Amino acid sequence: SPAPVDVAGLTGGVAAIAAGGFHTCALTEAGAVKCWGANGEGQLGNGSATDKPSPADVAGLVSGVAAIAMGGYHTCALTAAGGVKCWGANDDGQLGNNSTAANPTPVDVAGLTNGAVAVAAGDFHTCATTTTGGVKCWGDNSNGQLGDSSTTTSLTPVDAMGLADGAAAIATGGFHTCASAAAGGVKCWGGNSNGQLGNNSTTDNHMPVDVTGLASGAAAIATGSRHTCALTVGSGVECWGYDSNGQLGNGSTTD
């Protein structure tokens, strides 16, 4: 549809939305999660692998959810108790339950049944910020996007190095991850083929590096597949990385 259409049954009562590779989910004001779209990997969380053209309830999540995050083919939820649950594709361990088997219903992320304050899902990896300001990531690590100084995929959460007490927000791209600090600085790690880490390089980095010129002043961050943007405290927008379609917004198509 080239114009907005109403999502069936969701004309009110929705608190947040998120979109994955080919599926969409909504968090209701009652703390429930409903998903629709592609479901070949169980990413809708309703116990099946059948696509759904209208919202379906995620099994076991009819209340108590605080936030949702969408990956390429998986979905995660942050509970009000600070736990993280994920479902869908799991080839690279992106569900965090020490397995590589897809799951069509939510499973607990190992070691994160409490203490998480935010969650973000990339194409094949997932990260969460903790109450101590640290960042834990799991799943694909082929480009160092878990931030633990290695390229070893992890089926359970590992600590991103150097962020034990400073991360306020997290964003995950296709193969990179970024975090902002309470003071407004931004650090990124992982794939950097198009400069999406923002450190004036195109070399992958397996642990967090400072984004050039953003040691402070960032109010929010967002990541695309291979580019990154920050909202500044002055209400401006700064972007870096891949620019083949002009996604950096600076009037060019140069990375």
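Modeller: Let us begin with Val-33, which is in contact with Cys-25, Ala-26, Leu-27, Ala-56, Asp-57, Val-58, Leu-61, Val-65, Ile-68 and Trp-87, leaving aside neighbours within four places in sequence. Contact here means heavy atoms within 4.5 Å. This is a predicted model, where local features need pLDDT of at least 70, side-chain atom pairs count only at pLDDT 80 or more, and totals for chains, interfaces and linings use all residues. Residues are numbered from 1 along each chain as its sequence is written, and side-chain values use heavy atoms, with hydrogens and water left out.

Colleague: Why is Val-33 called buried?

Modeller: Buried means under 20% relative accessible area, exposed means over 50%, and partly exposed is in between (1.4 Å probe, protein chains only). Val-33 has a relative accessible area of 1%, so Val-33 is buried.

Colleague: What makes Asp-57 and Lys-34 a salt bridge?

Modeller: A salt bridge needs a side-chain nitrogen of Lys or Arg within 4 Å of a carboxyl oxygen of Asp or Glu. For Asp-57 and Lys-34 the N to O value is 2.6 Å, so the pair qualifies. A strand, by the way, is a DSSP run of E with at least two residues, numbered from the N terminus.

Colleague: Which strands stand at the edges of the open sheet?

Modeller: The sheet has four strands in the order β1-β2-β3-β4, with antiparallel pairing. β1 (14-19) and β4 (52-57) are at the edges, each with a single partner strand, so one side of each is left without a neighbour in the sheet.

Colleague: What makes a nonpolar core?

Modeller: It is a set of buried Ala, Val, Leu, Ile, Met, Phe, Trp, Tyr and Cys residues joined through side-chain atoms within 4.5 Å. The largest one has 14 residues, and Val-84, Cys-86, Leu-112 and Trp-138 have the most contacts inside it. Strand β9 gives the most to this core, with three residues.

Key:
Pairing = 2+ DSSP bridges.
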